[in-house]
Amino acid sequence: MSGYENIPDEELISRMREGETGISDYLMEKYKGLVRQKARAMFLVGGDTDDLIQEGMIGLFKAVRDYQPNREASFATFARLCIDRQLYTAVASSGRQKHQPLNSYVSLSEEPPETEVFQSWTGNPEEILIDRENVRILEEEIREGLSPLENRVLECYLDGYGYGEIAEILDKPPKSIDNALQRIRGKIQKKNKK
């Protein structure tokens, strides 16, 4: 135990800036689960979730480095924003041939409610809204194309559960969970090629 568990993140950041060591590592460990959840919520055709997790951890590191406690947003909100930006930047900048798998992605998670911090996003607001609407429509089309079991498996998978845990939750054999995930991937790839 680090002794930081009951201290607000904003106070920890202030203490870190004053030279206290170990806080950065604690915050990176604390928010690692959030990074995994956000990375798993993106499906990369031919890509690897580990690549997205690495990008998300870079976003988290930037949040720890750049957060200003005197702002209105909490550290958790700022960290989510930085992680999202890093993930979307990685996907958007993947146009080069060596990053070909990143060119096609589908977000499979619902976005949390907007915050004041997100409104400070530097970019064309019209493009952001259009992109969000396109993603929402694609998510709906994908979910409509899945069976009830596949939708339940997908929800559990996006919540971070492994094959065995999903099998226990849904009271199904692990092989049927694996098969459902393979069918989901196939349907998403097929939808993405249209």
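Y31, Y67, F75 and F78 form one aromatic cluster. This is a predicted model. F75 also belongs to the residues with the most contacts inside the largest nonpolar core. The points below start from the rings, move to the cores, and end with helix packing.

**Aromatic pairs**

- A pair of aromatic rings is described by the distance of the centres and the angle of the planes.
- The count of aromatic pairs comes to 4.
- One of them joins Y4 and Y26, with ring centres 5.4 Å apart and planes at 55°, so this pair is tilted.
- Y4 sits in the segment before α1, while Y26 is in helix α2, so the pair ties together parts that are 22 residues apart in sequence.
- Y4 counts as buried, at 9% relative accessibility.
- Y26 counts as buried too, at 14% relative accessibility.
- Y67 and F75 make an edge-to-face pair, because their planes stand at 85°, with the ring centres 5.5 Å apart.
- Both Y67 and F75 are buried.

**The nonpolar cores**

- In soluble globular proteins, nonpolar side chains tend to be buried together.
- How many residues does the largest nonpolar core have? It has 27.
- The residues with the most contacts inside this core are L12, I13, L27, Y31, L60, V64 and F75.
- Five elements are listed as giving two or more residues to the core: α1 (9-17), α2 (23-30), α3 (32-40), α4 (49-66) and α5 (75-92).
- Which helix gives the most to this core? That is α5, with 7 residues.
- F75 is in contact with D9, E10, I13, L27, Y31, A63, V64 and Y67, leaving aside its neighbours within four places in sequence.

**A buried lysine**

- K38 lies in helix α3.
- Is K38 buried or exposed? K38 is buried, because its relative accessible area is 15% and the cut-off for buried is under 20%.
- Leaving aside neighbours within four places in sequence, K38 is in contact with R80, I83, D84 and L87.

**Packing of α3 and α4**

- The axes of α3 and α4 are 8 Å apart, and the two helices pack at an angle of about 135°.
- This angle makes α3 oblique to α4.
- The crossing of the two helices, α3 and α4, is right-handed.
- On the α3 side, the contact is made by K32, V35, R36, A39 and R40.
- On the α4 side, it is made by T49, L52, I53, G56, M57 and L60.

- Helix α7 covers residues 148-158. Its buried residues include E150, V153, L154, C156, Y157 and L158.
- An α-helix has 3.6 residues a turn, so residues three or four places apart point the same way.
- The axes of α7 and helix α8 (residues 163-170) come within 10 Å. They cross at roughly 130°.
- α7 passes α8 in a right-handed crossing.
- Which residues of α8 meet α7? They are I166, I169 and L170. From α7, the residues that meet them are L149, R152, V153, C156 and Y157.
- Just after α7, G160 takes a positive phi of about 100°.

Methods: Residues are numbered from 1 along each chain as its sequence is written. This is a predicted model: local features need pLDDT of at least 70, side-chain atom pairs count only at pLDDT 80 or more; totals for chains, interfaces and linings use all residues. Side-chain values use heavy atoms; hydrogens and water are left out. Buried means under 20% relative accessible area, exposed over 50%, partly exposed in between (1.4 Å probe, protein chains only). Helices (H or I, at least four residues) and strands (E, at least two) are DSSP runs, numbered from the N terminus. A nonpolar core is a set of buried Ala, Val, Leu, Ile, Met, Phe, Trp, Tyr and Cys residues joined through side-chain atoms within 4.5 Å. Contact means heavy atoms within 4.5 Å. Rings of Phe, Tyr and Trp (its six-membered ring) pair if their centres lie within 6.5 Å; planes under 30 degrees apart count as stacked, over 60 as edge-to-face and the rest as tilted. Axes are lines fitted to C-alpha atoms, for helices over the stretch in contact, and angles run from 0 to 180 degrees between N-to-C directions. Angles under 35 degrees count as roughly parallel, over 145 as roughly antiparallel, 65 to 115 as roughly perpendicular and the rest as oblique. A crossing is left-handed if the near helix is turned anticlockwise from the far one by less than a right angle, and right-handed if clockwise.
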